[in-house]
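Colleague: I'd like to learn how to read a helix pair. Can you walk me through one?

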Amino acid sequence: MASKRTPGPPGACFNTAIHLGIALGTALTALVFFATTGGGSPDAGLNRDAFIRVLWWVGSLLALMWALMF
């Protein structure tokens, strides 16, 4: 059982979940971006379109996670 002074194992699990979420989110965002640009492109228009697509993915996933909380 966790003492009143330290968060103990529940706090550690929460921190681990946050770090895992950030790492996976970054990896999946990069995957969508580079899949759209074909591995990277110097074309500004293509990069803009890929960035917009990534924003839609991230926004959709955040909305889905929010909906699953309730």
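Modeller: Two packed helices are described by the angle between their axes and the distance between the axes. Here the axes of α1 and α2 cross at roughly 145° and come within 9 Å. Axes are lines fitted to C-alpha atoms, for helices over the stretch in contact, and angles run from 0 to 180 degrees between N-to-C directions. Helices are DSSP runs (H or I, at least four residues), numbered from the N terminus. Mind that this is a predicted model: local features need pLDDT of at least 70, side-chain atom pairs count only at pLDDT 80 or more, and totals for chains, interfaces and linings use all residues. Residues are numbered from 1 along each chain as its sequence is written, and side-chain values use heavy atoms, with hydrogens and water left out.

Colleague: Which residues of α1 and α2 make the contact?

Modeller: Contact means heavy atoms within 4.5 Å. From α1 come Thr29, Val32, Phe33, Thr36 and Thr37, and α2 brings Leu46, Asn47, Ala50, Phe51, Arg53, Val54, Trp57 and Val58. By class, the contact has 8 nonpolar, 4 polar and 1 charged (Ala, Val, Leu, Ile, Met, Phe, Trp, Tyr, Cys and Pro count as nonpolar, Asp, Glu, Lys and Arg as charged, the others, Gly among them, as polar).

Colleague: And how many helices and strands are there in the protein?

Modeller: The protein has 2 helices and 0 strands (strands are E runs of at least two). Its C-alpha trace spans about 55 × 25 × 15 Å along the principal axes.
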